[in-house]
Amino acid sequence: TKHFPVRKRGRELLSKTVRSVRAVEDVTLRLHRGRVTALVGESGSGKSSVARLLAQLHLQTSGTIKLHGEEVHAKGGRKFRAYSKRVQMIFQDPFASLNPVHTVRYHLTRALKIHGRAGKTPQDLEEALYDLLTRVQLTPPERYVDKFPHELSGGQRQRVAIARALGADPEALLADEPVSMLDVSIRLGVLNLLRDLKDRLRLAILYITHDIASARYFADETYVMYAGRVVEGGDSESVTQHPAHPYTQLLIDSAPDPDRPAAEEKDGGTGEPPSLIDPPPGCRFHPRCPHAMKICSDQVPPRFDVGEGHFAACWLYGEDR
Ligand code: SF4
Ligand code: MG
């Protein structure tokens, strides 16, 4: 759970109540080595905050993060440094995450040195650099190693960002919309690269996206977030082919489908996501839900099983609905 305090303004300064944005509420998810887990939701659903919590760029308001069953302790300390090496983040905008005045060599060398993987001699370092570039298919490496970010395409920059993350020899990559700023024609190449790395290096990948169709293609498991909560999750095929939660159904119906004429597409315009300062009680989706019942605005729905390893947090699946 993560609540961000809202800065007070004007007359609010005098009041004692502290308002907060309840960005992430009671989210439980599990990543596995050698598997991609997608976290799907609209912008503002809290999915990036979940990644930042896992990377410990934000500290949680409550709850725990565990690696191999062992609790991760807050910033600082040896254990935390070991954790932050094993869990690396990849951001949406590779241009913003690379320093424009430094070359690829600088970025990768720095990552290797921080994580003690630069070797002893200049030759060791050169080999490690070339190895990283080869892993992300920037070959031949000598063509890329001395380039500046602006001399690379968006896809190449994102590959450098991935290489830098690999410099830590991580177990998990947290990829926050890693292809959404890239040209449509090169997105698949970057996703395929991530999938290939996941298999070869047995990485656990958290793939954050607003595009549920790409989750089906790319992820083993898919979780759907709405207004700070996980509303559905399970095997990607099952979640995307047999969505149980009304919100997931809405997401799928409103996603563009190349096999369906545009006129048939529902507009998905049954309202906007709610404010997270004062979210609706009970099921946060109830003001937009075509199936809402009385209990929905009273009580938060727990996770109900809707298939093998597939759950939905929705009262439609409660026993005594
Ligand atoms: Fe709709 Fe109720 Fe299910 Fe929420 S719990 S999605 S309001 S039916
Ligand atoms: Mg985001």
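This is a predicted model: local features need pLDDT of at least 70, side-chain atom pairs count only at pLDDT 80 or more; totals for chains, interfaces and linings use all residues.
**A walk from the ligand to the loops**

Ligand 1 is surrounded by 13 residues. The closest are Cys283, Cys289, Cys296, Cys314 and Trp315.

Turn next to the helices. Two packed helices are described by the angle between their axes and the distance between the axes. Take helix α7, residues 154–166, and helix α8, residues 184–201. They pack at an angle of about 15 degrees. Their axes are 10 Å apart. Angles under 35 degrees count as roughly parallel, and α7 and α8 are therefore roughly parallel to each other. The crossing of α7 past α8 is right-handed.

Helix α7 has a further partner in helix α4, which covers residues 104–114. Here the packing angle is about 20 degrees, and the axes lie 8 Å apart. That makes α4 roughly parallel to α7. Where α4 passes α7, the crossing is right-handed.

Now for the backbone in two loops. One loop runs between α5 (122–135) and α6 (141–144), and proline 140 is found there. Is the peptide bond from threonine 139 to proline 140 cis or trans? It is cis, with omega near -5 degrees.

The other loop joins the tour from the strands. It lies between β2 (20–24) and β3 (36–40), and it holds aspartate 26.

Notes. Residues are numbered from 1 along each chain as its sequence is written. Chains are lettered from A and ligands numbered from 1 in the order in which they are written. Side-chain values use heavy atoms; hydrogens and water are left out. A residue is near a molecule or strand if one of its heavy atoms lies within 4 Å of it. Axes are lines fitted to C-alpha atoms, for helices over the stretch in contact, and angles run from 0 to 180 degrees between N-to-C directions. Helices (H or I, at least four residues) and strands (E, at least two) are DSSP runs, numbered from the N terminus. Angles under 35 degrees count as roughly parallel, over 145 as roughly antiparallel, 65 to 115 as roughly perpendicular and the rest as oblique. A crossing is left-handed if the near helix is turned anticlockwise from the far one by less than a right angle, and right-handed if clockwise.
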